[in-house]
Amino acid sequence: MNKHHYVAIMAGGIGSRFWPSSRTGFPKQFLDILNSGQSLIQWTFDRFAAFIPVENIYIVTSEEYIDITQKQLPQINPENILAEPSRKNTAPCVAYISFKLLQKDPEASLIVAPSDHMVLDNEAFRKITMQALDFAGHIKSLVTLGIKPTHPNTGYGYIQHEPLAVAEGIYKVKTFTEKPNLELAKTFLASGDFLWNAGIFVWKVKTVVKAFENHQPEMFELFDGEKENFNTPREKEAINRIYPLCTNVSIDFAILEKAENVYVIPSSFGWSDLGTWNSAYDNLEKDYLGNAVAGENVVVIDATKCMVSAPNEKLVVLQGMDDFIVVDTKDVLLICKKEKEQQIKEYVAEVKRSKGDRYL
């Protein structure tokens, strides 16, 4: 293992599309969505611990999730769990860990990855990530892992790349596109030069800090002005001063869409962002009628292609339903057509309007 290789696992989101299982106080990265015996963040940690020194793995999360993170990942040094005082999207999160590491190890190379994605082929993932680390170590570049699309998904962002590789399996990025409509997604798929944006990035911290200086000078100044305080007892106070002044912006929009030195590696390693109940359905075993059940006490009668999640201690009997999402928790029952799952965020907003924060 290389002592200059680091990982930042981003774990501050609230996963509202997995409501009602995912709540503000206990979001989806800490849940065992697929009944595997491990939460998503535990899966992610183990995946990286196989080839990155454990002492070089950092979790960047919201202040309110520090205790849950420590409980679920007791093997990690508590000092490696970084608390964000507020949710400001991914750009400030990346700036924080990058400036901190630059002070600690100027030769650091960094992998930035979400905490709540699924990877089925860990060996393929390791090889591609090491390839990205090697390339970013030799060429001043910002590397992203793009997933070869299998269908015209409208829930993912897309990366378009140049047709000719600059190195084996590595291409210069042309454009980033936010979630397209179905017609556009079909066009992307047919063209052959578009990939799903997995939100996994690899670079030397020197390179990304320089990119902040070039493309986000205000954010750069905020972190650069406090850099002497990183890795000292004054770090928390410094971050509490910085964050209220940071723009709420994604790393994609803040840096990657503006920089010239962005490259992508087309990848296949059994990836899913597990962003919705339908993606959980796709990754769970199904019965002969196509029902995916997470819960030990569910009885399905004359129902097909349903996604059912229920507590093990509760008996749930389902009859006569087709293509539904049924999620039962101790205080909320959600019954929703699978095709309407993109509206779950709207349903949560409606619950907040009519019932307050109690069920969020």
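**Helix packing and local backbone features**

In helix α8 (residues 235–242), Glu235, Ala238, Ile239 and Ile242 are buried. Buried means under 20% relative accessible area, exposed over 50%, and partly exposed in between, with a 1.4 Å probe and protein chains only. Viewed down the axis of α8, these buried residues fall within an arc of 95°, so they line one face of the helix. The arc is that of the directions from the helix axis to the C-beta atoms. The cover over the buried residues of α8 includes β3 (81–84), α3 (90–104) and α7 (217–224). Helices (H or I, at least four residues) and strands (E, at least two) are DSSP runs, numbered from the N terminus. Contact means heavy atoms within 4.5 Å.

The model is predicted: local features need pLDDT of at least 70, side-chain atom pairs count only at pLDDT 80 or more, and totals for chains, interfaces and linings use all residues. Residues are numbered from 1 along each chain as its sequence is written, and side-chain values use heavy atoms, with hydrogens and water left out.

Two packed helices are described by the angle between their axes and the distance between the axes. Axes are lines fitted to C-alpha atoms, for helices over the stretch in contact, and angles run from 0 to 180 degrees between N-to-C directions. α3 and α7 pack at about 40°, and their axes lie 10 Å apart. That angle makes α3 oblique to α7. Angles under 35 degrees count as roughly parallel, over 145 as roughly antiparallel, 65 to 115 as roughly perpendicular and the rest as oblique. The crossing of α3 and α7 is right-handed. A crossing is left-handed if the near helix is turned anticlockwise from the far one by less than a right angle, and right-handed if clockwise. On the α3 side, the contact is made by Ala91, Pro92, Ala95, Tyr96 and Phe99; on the α7 side, by Met219, Phe220, Phe223 and Asp224. The contact of α3 with α7 holds eight nonpolar residues, no polar ones and one charged. Ala, Val, Leu, Ile, Met, Phe, Trp, Tyr, Cys and Pro count as nonpolar, Asp, Glu, Lys and Arg as charged, and the others, Gly among them, as polar.

Helix α6 (residues 205–215) has Val205, Thr207, Val208, Val209, Ala211 and Phe212 buried. The buried residues of α6 pack against α3, β4 (109–114), β6 (142–147), β9 (194–204), α7 and α9 (251–256). With α3, the packing angle is about 130° and the axes of α3 and α6 are 9 Å apart. α3 and α6 are therefore oblique to each other. Their crossing is left-handed. From α3, Ala91, Val94, Ala95, Ser98, Phe99, Leu101 and Leu102 meet Val205, Lys206, Val208, Val209 and Phe212 of α6. Ten nonpolar, one polar and one charged residues make up the contact of α3 with α6.

The axes of α6 and α7 come within 5 Å and cross at roughly 125°. α6 is thus oblique to α7. Val209, Phe212, Glu213, Asn214 and His215 of α6 make the contact with Pro217, Met219 and Phe220 of α7. By class, the contact of α6 with α7 has five nonpolar, two polar and one charged residues.

Two buried loop residues were examined. Phenylalanine 51 sits in the loop between α1 (40–49) and β2 (57–62). Phenylalanine 51 is buried, at a relative accessible area of 6%. Residues up to four places away in sequence aside, phenylalanine 51 touches Met1, Ile111, Phe125, Arg126, Thr129 and Met130. Alanine 11 lies in the loop between β1 and α1. At 0% relative accessibility, alanine 11 is buried. Neighbours within four places in sequence aside, alanine 11 contacts Gln29, Phe30, Ile41, Ile59, Val60, Thr61, Ser62, Tyr65 and Ser115.

Most residues other than glycine have a negative phi, and most peptide bonds are trans. The peptide bond from tryptophan 19 to proline 20 is cis, with omega near 5°. Proline 20 is in the loop between β1 (5–10) and α1. Asparagine 35 is found in the loop between β1 and α1, and has a positive phi, near 55°. Asparagine 35 is partly exposed, at 45% relative accessibility. Lysine 305 has a phi near 50°, also a positive value. Lysine 305 lies in the loop between β13 (298–301) and β14 (307–309) and, at 41% relative accessibility, is partly exposed.
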